[in-house]
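Here's a quick briefing to read alongside the model. Have a look at the structure, then work through the points below.

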Amino acid sequence: MLPFFSKILERLTYNRLISYIDKHSFLSQNQYGFRKNRSTHMAILSLFDTLVANNEKGEMTAGVFIDLSKAFDTINHEILIKKLERYGIRGIFNSWFKNYLENRTQFVTHNSAQSNMSKVLCGVPQGSILGPLLFILYIDDLTKVSTILNLVLFADDTSIFYNNKDISILKQTINDELAKINDWFKVNKLSLNSSKTHYMLFGQRNINQNIRITLNNNHITKVTNTKFLGVIIDDKLTWKDHIKYTSARVSRGIGILHKARKYLPTFILPSLYSTLVLPYIQYCNIIWAKNYHTRLSPLFLLQKRAIRIINNAGFYDHTAPLFKKTKQLTIYDINKLQIGNFMYKLTHINSTMPTNFNHLINFRSNIHEHNTRGRSKLNTIQHRTIIRSFSISVAGPALWNSLTPSLQSSISDNSFKNKYKKMLLQSY
(Lines give C-alpha, C1' and ligand atoms only; values in the text may rest on other atoms or scores of the structure.)
Protein backbone atom coordinates (compact mmCIF):
# COMPACT_ATOMS: atom_id res chain seq x y z
CA MET A 1 0.00 0.00 0.00
CA LEU A 2 1.41 3.38 -1.01
CA PRO A 3 1.07 6.31 1.43
CA PHE A 4 -0.83 9.42 0.36
CA PHE A 5 2.15 11.79 0.55
CA SER A 6 4.25 9.56 -1.70
CA LYS A 7 1.70 10.04 -4.48
CA ILE A 8 2.05 13.81 -4.26
CA LEU A 9 5.81 13.50 -4.70
CA GLU A 10 5.29 10.94 -7.49
CA ARG A 11 3.00 13.33 -9.37
CA LEU A 12 5.58 16.13 -9.19
CA THR A 13 8.29 13.75 -10.41
CA TYR A 14 6.02 12.37 -13.14
CA ASN A 15 5.27 15.85 -14.51
CA ARG A 16 8.97 16.69 -14.64
CA LEU A 17 9.92 13.35 -16.23
CA ILE A 18 7.17 13.31 -18.88
CA SER A 19 8.02 16.90 -19.83
CA TYR A 20 11.63 15.85 -20.38
CA ILE A 21 10.57 12.76 -22.38
CA ASP A 22 8.19 14.72 -24.63
CA LYS A 23 10.75 17.47 -25.20
CA HIS A 24 13.31 14.99 -26.55
CA SER A 25 10.76 12.59 -28.17
CA PHE A 26 12.29 9.51 -26.56
CA LEU A 27 9.25 7.26 -26.80
CA SER A 28 8.35 5.43 -30.01
CA GLN A 29 5.30 6.58 -31.95
CA ASN A 30 4.17 2.94 -31.85
CA GLN A 31 3.71 3.04 -28.07
CA TYR A 32 0.11 4.09 -27.32
CA GLY A 33 -0.21 3.13 -23.66
CA PHE A 34 -0.20 5.60 -20.74
CA ARG A 35 0.53 8.61 -22.95
CA LYS A 36 -1.31 11.87 -23.42
CA ASN A 37 -3.45 12.03 -26.58
CA ARG A 38 -2.93 8.30 -27.14
CA SER A 39 -5.62 5.66 -26.67
CA THR A 40 -6.62 2.12 -27.59
CA HIS A 41 -8.68 3.30 -30.55
CA MET A 42 -5.65 5.09 -32.03
CA ALA A 43 -3.57 1.92 -31.79
CA ILE A 44 -6.29 -0.11 -33.52
CA LEU A 45 -6.91 2.64 -36.10
CA SER A 46 -3.25 2.63 -37.06
CA LEU A 47 -3.18 -1.16 -37.26
CA PHE A 48 -6.39 -1.45 -39.29
CA ASP A 49 -5.23 1.27 -41.68
CA THR A 50 -1.97 -0.61 -42.29
CA LEU A 51 -3.69 -3.98 -42.74
CA VAL A 52 -6.20 -2.74 -45.33
CA ALA A 53 -3.47 -0.82 -47.17
CA ASN A 54 -1.45 -4.06 -47.42
CA ASN A 55 -4.56 -5.89 -48.58
CA GLU A 56 -5.13 -3.23 -51.24
CA LYS A 57 -1.64 -3.98 -52.61
CA GLY A 58 -2.41 -7.70 -52.71
CA GLU A 59 -0.08 -8.47 -49.80
CA MET A 60 -0.66 -10.81 -46.87
CA THR A 61 0.15 -9.70 -43.35
CA ALA A 62 1.16 -11.98 -40.52
CA GLY A 63 0.28 -10.66 -37.09
CA VAL A 64 1.73 -12.14 -33.91
CA PHE A 65 -0.09 -11.23 -30.69
CA ILE A 66 2.31 -11.69 -27.79
CA ASP A 67 1.23 -12.29 -24.21
CA LEU A 68 3.75 -11.43 -21.49
CA SER A 69 3.52 -13.11 -18.09
CA LYS A 70 3.07 -10.56 -15.29
CA ALA A 71 5.04 -7.96 -17.23
CA PHE A 72 4.64 -5.13 -14.70
CA ASP A 73 5.76 -7.40 -11.86
CA THR A 74 8.89 -8.73 -13.56
CA ILE A 75 10.66 -5.48 -14.50
CA ASN A 76 14.32 -5.82 -13.50
CA HIS A 77 15.34 -2.84 -11.36
CA GLU A 78 19.00 -2.88 -12.38
CA ILE A 79 18.15 -2.91 -16.09
CA LEU A 80 15.55 -0.16 -15.62
CA ILE A 81 18.04 2.13 -13.86
CA LYS A 82 20.57 1.58 -16.67
CA LYS A 83 17.93 2.41 -19.28
CA LEU A 84 17.00 5.60 -17.44
CA GLU A 85 20.67 6.56 -17.48
CA ARG A 86 20.81 5.96 -21.22
CA TYR A 87 17.81 8.28 -21.65
CA GLY A 88 19.81 11.01 -19.92
CA ILE A 89 18.33 10.59 -16.45
CA ARG A 90 21.60 10.62 -14.54
CA GLY A 91 23.15 11.83 -11.30
CA ILE A 92 20.87 12.68 -8.39
CA PHE A 93 17.70 12.07 -10.40
CA ASN A 94 18.88 8.57 -11.33
CA SER A 95 19.77 7.88 -7.70
CA TRP A 96 16.31 9.10 -6.69
CA PHE A 97 14.66 6.49 -8.93
CA LYS A 98 16.97 3.79 -7.61
CA ASN A 99 15.98 4.70 -4.07
CA TYR A 100 12.33 4.86 -5.13
CA LEU A 101 12.44 1.22 -6.29
CA GLU A 102 14.60 -0.25 -3.51
CA ASN A 103 13.67 -1.42 0.00
CA ARG A 104 10.03 -2.08 -0.69
CA THR A 105 8.57 -5.09 1.08
CA GLN A 106 5.49 -7.26 0.80
CA PHE A 107 3.81 -10.11 2.64
CA VAL A 108 0.87 -12.47 2.16
CA THR A 109 -1.96 -13.23 4.57
CA HIS A 110 -4.35 -16.15 4.40
CA ASN A 111 -7.02 -16.53 7.08
CA SER A 112 -5.05 -16.05 10.32
CA ALA A 113 -1.66 -16.94 8.85
CA GLN A 114 0.83 -14.31 7.69
CA SER A 115 4.09 -14.77 5.80
CA ASN A 116 7.36 -13.09 6.65
CA MET A 117 8.16 -9.73 5.08
CA SER A 118 10.01 -10.14 1.81
CA LYS A 119 11.88 -7.58 -0.29
CA VAL A 120 10.43 -6.67 -3.69
CA LEU A 121 13.35 -7.33 -6.03
CA CYS A 122 11.61 -6.63 -9.34
CA GLY A 123 8.55 -4.94 -10.80
CA VAL A 124 7.13 -1.43 -10.53
CA PRO A 125 5.00 -0.53 -7.47
CA GLN A 126 1.35 -1.48 -7.97
CA GLY A 127 -1.04 1.45 -7.92
CA SER A 128 1.76 3.98 -8.28
CA ILE A 129 1.70 7.03 -10.53
CA LEU A 130 5.24 6.51 -11.84
CA GLY A 131 4.90 2.74 -12.38
CA PRO A 132 3.20 2.79 -15.82
CA LEU A 133 5.58 5.44 -17.17
CA LEU A 134 8.63 3.52 -15.95
CA PHE A 135 7.25 0.40 -17.60
CA ILE A 136 6.83 1.95 -21.05
CA LEU A 137 10.34 3.42 -20.75
CA TYR A 138 11.60 -0.07 -19.96
CA ILE A 139 9.89 -1.75 -22.91
CA ASP A 140 10.15 1.05 -25.50
CA ASP A 141 13.45 -0.04 -27.09
CA LEU A 142 11.72 -3.25 -28.18
CA THR A 143 10.54 -1.21 -31.19
CA LYS A 144 14.19 -0.74 -32.25
CA VAL A 145 15.05 -4.45 -32.33
CA SER A 146 13.81 -4.88 -35.90
CA THR A 147 13.79 -2.39 -38.76
CA ILE A 148 11.49 -4.67 -40.78
CA LEU A 149 8.63 -5.52 -38.43
CA ASN A 150 5.80 -3.15 -37.58
CA LEU A 151 5.13 -3.18 -33.82
CA VAL A 152 2.05 -1.86 -32.05
CA LEU A 153 2.44 -1.50 -28.28
CA PHE A 154 -0.09 -0.56 -25.65
CA ALA A 155 1.84 -0.92 -22.39
CA ASP A 156 2.45 -4.69 -22.11
CA ASP A 157 0.17 -5.60 -25.05
CA THR A 158 2.68 -6.29 -27.81
CA SER A 159 1.66 -7.08 -31.38
CA ILE A 160 4.04 -7.66 -34.29
CA PHE A 161 3.23 -7.47 -38.02
CA TYR A 162 4.98 -8.14 -41.30
CA ASN A 163 3.59 -8.09 -44.84
CA ASN A 164 4.70 -9.59 -48.16
CA LYS A 165 3.16 -10.96 -51.35
CA ASP A 166 5.26 -14.14 -51.20
CA ILE A 167 4.14 -16.37 -48.34
CA SER A 168 7.47 -18.23 -48.18
CA ILE A 169 9.38 -14.94 -47.78
CA LEU A 170 6.82 -13.82 -45.20
CA LYS A 171 7.30 -17.02 -43.21
CA GLN A 172 11.11 -16.91 -43.29
CA THR A 173 11.38 -13.20 -42.49
CA ILE A 174 8.97 -13.13 -39.59
CA ASN A 175 10.62 -16.18 -37.99
CA ASP A 176 14.06 -14.60 -38.35
CA GLU A 177 12.89 -11.31 -36.86
CA LEU A 178 10.95 -13.00 -34.06
CA ALA A 179 14.20 -14.70 -33.02
CA LYS A 180 15.64 -11.20 -32.41
CA ILE A 181 12.51 -10.21 -30.48
CA ASN A 182 12.85 -13.33 -28.35
CA ASP A 183 16.49 -12.49 -27.59
CA TRP A 184 15.37 -9.03 -26.43
CA PHE A 185 12.83 -10.58 -24.05
CA LYS A 186 15.52 -12.85 -22.60
CA VAL A 187 18.05 -10.06 -22.14
CA ASN A 188 15.42 -7.87 -20.49
CA LYS A 189 14.19 -10.75 -18.32
CA LEU A 190 10.57 -10.68 -19.49
CA SER A 191 8.69 -13.97 -19.77
CA LEU A 192 6.53 -15.00 -22.71
CA ASN A 193 3.27 -16.82 -22.11
CA SER A 194 3.53 -19.16 -25.10
CA SER A 195 0.12 -20.75 -24.55
CA LYS A 196 -1.62 -17.37 -24.98
CA THR A 197 0.58 -16.11 -27.82
CA HIS A 198 -0.91 -16.71 -31.28
CA TYR A 199 -0.81 -15.44 -34.84
CA MET A 200 -3.19 -14.48 -37.63
CA LEU A 201 -2.88 -14.18 -41.39
CA PHE A 202 -4.63 -11.12 -42.81
CA GLY A 203 -5.47 -10.73 -46.49
CA GLN A 204 -7.99 -12.02 -48.98
CA ARG A 205 -5.43 -14.08 -50.89
CA ASN A 206 -4.33 -17.46 -49.50
CA ILE A 207 -6.04 -16.61 -46.22
CA ASN A 208 -6.56 -20.28 -45.38
CA GLN A 209 -2.87 -21.17 -45.59
CA ASN A 210 -0.95 -22.16 -42.49
CA ILE A 211 2.65 -21.18 -41.91
CA ARG A 212 4.89 -22.42 -39.14
CA ILE A 213 5.86 -19.57 -36.83
CA THR A 214 7.99 -20.22 -33.77
CA LEU A 215 8.85 -18.06 -30.80
CA ASN A 216 11.06 -19.17 -27.92
CA ASN A 217 11.25 -22.64 -29.56
CA ASN A 218 7.45 -22.97 -29.35
CA HIS A 219 5.12 -23.38 -32.30
CA ILE A 220 2.57 -20.52 -32.28
CA THR A 221 -1.07 -21.41 -32.85
CA LYS A 222 -2.94 -19.82 -35.74
CA VAL A 223 -6.35 -18.25 -34.95
CA THR A 224 -9.02 -16.61 -37.11
CA ASN A 225 -9.93 -13.95 -34.54
CA THR A 226 -8.49 -12.49 -31.37
CA LYS A 227 -9.32 -9.86 -28.77
CA PHE A 228 -6.98 -6.94 -29.34
CA LEU A 229 -7.22 -4.05 -26.84
CA GLY A 230 -10.85 -4.87 -26.11
CA VAL A 231 -11.92 -5.26 -29.75
CA ILE A 232 -12.32 -8.62 -31.51
CA ILE A 233 -10.42 -8.47 -34.78
CA ASP A 234 -10.87 -11.21 -37.43
CA ASP A 235 -8.55 -12.26 -40.22
CA LYS A 236 -10.89 -10.90 -42.95
CA LEU A 237 -11.21 -7.53 -41.17
CA THR A 238 -15.01 -7.61 -41.27
CA TRP A 239 -15.57 -6.95 -37.51
CA LYS A 240 -18.40 -9.50 -37.59
CA ASP A 241 -17.20 -11.20 -34.42
CA HIS A 242 -16.91 -7.92 -32.55
CA ILE A 243 -20.36 -6.79 -33.65
CA LYS A 244 -21.75 -10.13 -32.47
CA TYR A 245 -19.91 -9.76 -29.15
CA THR A 246 -21.19 -6.19 -28.72
CA SER A 247 -24.74 -7.26 -29.57
CA ALA A 248 -24.64 -9.89 -26.82
CA ARG A 249 -23.51 -7.31 -24.25
CA VAL A 250 -26.12 -4.81 -25.39
CA SER A 251 -28.83 -7.48 -25.21
CA ARG A 252 -27.88 -8.17 -21.61
CA GLY A 253 -28.12 -4.46 -20.80
CA ILE A 254 -31.53 -4.25 -22.49
CA GLY A 255 -32.76 -7.12 -20.32
CA ILE A 256 -31.80 -5.17 -17.19
CA LEU A 257 -33.39 -1.99 -18.57
CA HIS A 258 -36.61 -3.85 -19.35
CA LYS A 259 -36.88 -5.09 -15.76
CA ALA A 260 -35.75 -1.81 -14.21
CA ARG A 261 -38.39 0.37 -15.89
CA LYS A 262 -41.09 -1.36 -13.85
CA TYR A 263 -39.56 -0.10 -10.62
CA LEU A 264 -37.67 3.10 -11.48
CA PRO A 265 -38.91 6.55 -12.55
CA THR A 266 -38.50 7.36 -16.24
CA PHE A 267 -35.93 10.12 -15.71
CA ILE A 268 -33.41 7.58 -14.32
CA LEU A 269 -33.62 5.22 -17.31
CA PRO A 270 -31.41 7.34 -19.67
CA SER A 271 -28.62 7.16 -17.06
CA LEU A 272 -28.97 3.37 -16.99
CA TYR A 273 -28.82 3.33 -20.79
CA SER A 274 -25.59 5.36 -20.63
CA THR A 275 -24.16 2.82 -18.18
CA LEU A 276 -25.40 -0.53 -19.50
CA VAL A 277 -25.72 -0.07 -23.27
CA LEU A 278 -23.96 3.02 -24.63
CA PRO A 279 -20.36 2.16 -23.57
CA TYR A 280 -20.41 -1.02 -25.69
CA ILE A 281 -21.73 0.89 -28.72
CA GLN A 282 -19.25 3.75 -28.28
CA TYR A 283 -16.04 1.83 -27.53
CA CYS A 284 -13.79 2.05 -30.62
CA ASN A 285 -16.91 2.73 -32.71
CA ILE A 286 -14.67 4.86 -34.96
CA ILE A 287 -13.13 1.63 -36.29
CA TRP A 288 -15.69 -1.19 -36.47
CA ALA A 289 -18.86 0.86 -37.08
CA LYS A 290 -17.52 2.24 -40.36
CA ASN A 291 -18.97 -0.80 -42.05
CA TYR A 292 -21.77 -2.15 -44.21
CA HIS A 293 -25.17 -1.08 -42.86
CA THR A 294 -26.38 -4.66 -43.14
CA ARG A 295 -23.67 -5.83 -40.70
CA LEU A 296 -24.61 -3.15 -38.19
CA SER A 297 -28.38 -3.49 -38.65
CA PRO A 298 -28.93 -6.15 -35.90
CA LEU A 299 -27.04 -3.99 -33.39
CA PHE A 300 -28.95 -0.88 -34.49
CA LEU A 301 -32.24 -2.71 -33.93
CA LEU A 302 -31.11 -3.49 -30.39
CA GLN A 303 -30.16 0.14 -29.85
CA LYS A 304 -33.62 1.26 -31.02
CA ARG A 305 -35.21 -1.22 -28.66
CA ALA A 306 -33.22 0.25 -25.78
CA ILE A 307 -34.25 3.79 -26.77
CA ARG A 308 -37.91 2.76 -26.76
CA ILE A 309 -37.54 1.25 -23.29
CA ILE A 310 -35.97 4.35 -21.70
CA ASN A 311 -38.75 6.46 -23.23
CA ASN A 312 -41.52 4.02 -22.18
CA ALA A 313 -42.54 3.89 -25.85
CA GLY A 314 -44.41 1.16 -27.69
CA PHE A 315 -42.70 -1.66 -29.58
CA TYR A 316 -43.51 -0.16 -33.01
CA ASP A 317 -43.07 3.53 -32.15
CA HIS A 318 -40.86 5.55 -34.48
CA THR A 319 -37.45 6.01 -32.82
CA ALA A 320 -36.08 9.15 -34.52
CA PRO A 321 -38.02 11.53 -32.23
CA LEU A 322 -37.01 9.40 -29.23
CA PHE A 323 -33.29 9.64 -30.11
CA LYS A 324 -33.71 13.40 -30.44
CA LYS A 325 -35.69 13.71 -27.20
CA THR A 326 -33.06 11.88 -25.13
CA LYS A 327 -30.17 13.49 -27.08
CA GLN A 328 -28.75 10.09 -28.02
CA LEU A 329 -27.04 9.45 -31.36
CA THR A 330 -27.58 6.35 -33.47
CA ILE A 331 -24.71 3.92 -33.88
CA TYR A 332 -24.07 5.37 -37.36
CA ASP A 333 -23.90 8.96 -36.13
CA ILE A 334 -21.70 8.02 -33.17
CA ASN A 335 -19.27 6.81 -35.82
CA LYS A 336 -19.47 10.13 -37.68
CA LEU A 337 -18.94 12.09 -34.46
CA GLN A 338 -15.90 10.02 -33.47
CA ILE A 339 -14.32 10.28 -36.93
CA GLY A 340 -15.05 14.01 -37.06
CA ASN A 341 -13.57 14.59 -33.60
CA PHE A 342 -10.46 12.60 -34.53
CA MET A 343 -9.98 14.66 -37.69
CA TYR A 344 -10.52 17.89 -35.75
CA LYS A 345 -7.71 16.96 -33.38
CA LEU A 346 -5.43 16.07 -36.31
CA THR A 347 -6.05 19.37 -38.10
CA HIS A 348 -5.99 21.64 -35.02
CA ILE A 349 -3.70 20.03 -32.40
CA ASN A 350 -1.58 17.89 -34.68
CA SER A 351 1.63 18.43 -32.69
CA THR A 352 0.33 16.31 -29.79
CA MET A 353 -1.07 13.49 -31.95
CA PRO A 354 0.81 10.36 -33.11
CA THR A 355 2.85 11.09 -36.22
CA ASN A 356 1.53 7.82 -37.73
CA PHE A 357 -1.53 9.81 -38.86
CA ASN A 358 0.26 12.82 -40.36
CA HIS A 359 -0.35 11.52 -43.88
CA LEU A 360 -4.07 12.27 -43.45
CA ILE A 361 -3.45 16.02 -43.18
CA ASN A 362 -2.65 16.79 -46.79
CA PHE A 363 -4.57 19.87 -47.95
CA ARG A 364 -5.20 20.28 -51.65
CA SER A 365 -3.55 23.71 -51.41
CA ASN A 366 -0.27 21.86 -50.73
CA ILE A 367 -0.61 20.03 -54.05
CA HIS A 368 -1.49 22.89 -56.39
CA GLU A 369 -1.41 26.69 -56.21
CA HIS A 370 -4.61 27.36 -58.16
CA ASN A 371 -7.15 29.38 -56.19
CA THR A 372 -10.01 26.88 -56.45
CA ARG A 373 -12.91 26.33 -54.07
CA GLY A 374 -11.43 23.02 -52.92
CA ARG A 375 -8.03 24.37 -51.83
CA SER A 376 -8.99 24.18 -48.13
CA LYS A 377 -10.18 20.58 -48.38
CA LEU A 378 -8.09 17.53 -47.55
CA ASN A 379 -6.73 15.39 -50.32
CA THR A 380 -8.39 11.96 -50.44
CA ILE A 381 -6.65 8.66 -51.16
CA GLN A 382 -7.73 6.68 -54.21
CA HIS A 383 -8.80 3.16 -53.28
CA ARG A 384 -9.68 -0.02 -55.10
CA THR A 385 -11.49 -2.11 -52.48
CA ILE A 386 -14.53 -1.29 -50.34
CA ILE A 387 -12.75 -2.40 -47.17
CA ARG A 388 -10.12 0.28 -47.83
CA SER A 389 -12.89 2.91 -47.89
CA PHE A 390 -13.70 1.95 -44.28
CA SER A 391 -10.19 2.89 -43.09
CA ILE A 392 -9.44 6.24 -41.47
CA SER A 393 -7.14 7.20 -44.37
CA VAL A 394 -10.15 7.32 -46.71
CA ALA A 395 -13.13 7.85 -44.39
CA GLY A 396 -11.45 10.56 -42.30
CA PRO A 397 -10.65 13.13 -45.01
CA ALA A 398 -13.93 12.34 -46.83
CA LEU A 399 -16.03 13.12 -43.73
CA TRP A 400 -13.96 16.19 -42.85
CA ASN A 401 -14.47 17.62 -46.36
CA SER A 402 -18.24 17.21 -45.96
CA LEU A 403 -18.39 19.40 -42.84
CA THR A 404 -19.25 23.08 -42.93
CA PRO A 405 -16.43 25.65 -42.61
CA SER A 406 -17.95 26.99 -39.37
CA LEU A 407 -17.86 23.50 -37.85
CA GLN A 408 -14.31 22.87 -39.05
CA SER A 409 -13.15 26.13 -37.47
CA SER A 410 -14.59 25.40 -34.00
CA ILE A 411 -12.56 27.03 -31.24
CA SER A 412 -12.00 23.82 -29.26
CA ASP A 413 -12.41 20.08 -29.25
CA ASN A 414 -15.44 20.28 -26.92
CA SER A 415 -17.01 23.01 -29.01
CA PHE A 416 -16.65 20.88 -32.14
CA LYS A 417 -18.23 17.84 -30.48
CA ASN A 418 -21.16 19.80 -29.10
CA LYS A 419 -21.88 21.61 -32.37
CA TYR A 420 -21.55 18.47 -34.50
CA LYS A 421 -23.72 16.39 -32.15
CA LYS A 422 -26.39 19.08 -32.19
CA MET A 423 -26.25 19.14 -36.01
CA LEU A 424 -26.62 15.35 -36.20
CA LEU A 425 -29.56 15.37 -33.78
CA GLN A 426 -31.35 18.04 -35.80
CA SER A 427 -31.47 15.66 -38.76
CA TYR A 428 -33.65 13.17 -36.85
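A residue counts as buried when its relative accessible area is under 20%, as exposed when that value is over 50%, and as partly exposed in between. With that in hand: buried residues make up 49% of the 428 residues in this protein chain. Keep in mind that you're looking at a predicted model.

**The overall picture**

- If you tally the secondary structure of the chain, you get 17 helices and 13 strands.
- The C-alpha trace spans about 65 × 60 × 45 Å along its principal axes.
- How does the radius of gyration compare with that of a compact globule? For 428 residues such a globule would have a value near 22 Å, and the chain has 24 Å, which agrees.
- Take the contacts with a separation of 6 or more: 68% of them are between residues 24 or more positions apart in the chain.
- The accessible surface of the chain is about 21,900 Å², and carbon and sulfur atoms account for 53% of it.

- Which residues make the nonpolar surface patch? They are F4, F5, I8, L9 and L12, and together they give a patch of about 590 Å².
- F4 sits in helix α1, which runs over residues 4–24.
- F4 has a relative accessible area of 61%, so it counts as exposed.

**Two residues with positive phi**

- N217 isn't a glycine, yet its phi is positive, near 65°.
- You'll find N217 in the loop between β9 (214–215) and β10 (218–219).
- Is N217 buried or exposed? Its relative accessibility is 75%, so N217 is exposed.
- W239 isn't a glycine either, and it has a positive phi of about 65°.
- The loop that holds W239 lies between β13 (231–234) and α7 (240–260).
- W239 has a relative accessible area of 2%, so this one is buried.

**Cysteines**

- How many disulfides does the model have? The count comes to 0, where a disulfide would need a pair of cysteine sulfur atoms within 2.5 Å.
- C122 is partly exposed, because its relative accessible area is 33%.
- C284, on the other hand, is buried, with a relative accessible area of 5%.

Conventions. Residues are numbered from 1 along each chain as its sequence is written. This is a predicted model: local features need pLDDT of at least 70, side-chain atom pairs count only at pLDDT 80 or more; totals for chains, interfaces and linings use all residues. Side-chain values use heavy atoms; hydrogens and water are left out. Patches are made of residues with over 30% relative accessible area and no salt bridge: like charges are joined within 9 Å, nonpolar side chains (Val, Leu, Ile, Met, Phe, Trp, Tyr) within 5 Å. Accessible areas come from the Shrake-Rupley method with a 1.4 Å probe; for residues, only the protein chains shown count as cover. A salt bridge is a side-chain nitrogen of Lys or Arg within 4 Å of a carboxyl oxygen of Asp or Glu. Helices (H or I, at least four residues) and strands (E, at least two) are DSSP runs, numbered from the N terminus. Buried means under 20% relative accessible area, exposed over 50%, partly exposed in between (1.4 Å probe, protein chains only). The radius of gyration is taken over C-alpha atoms; the globule rule is 2.2 Å times the number of residues to the power 0.38. Contact means heavy atoms within 4.5 Å.
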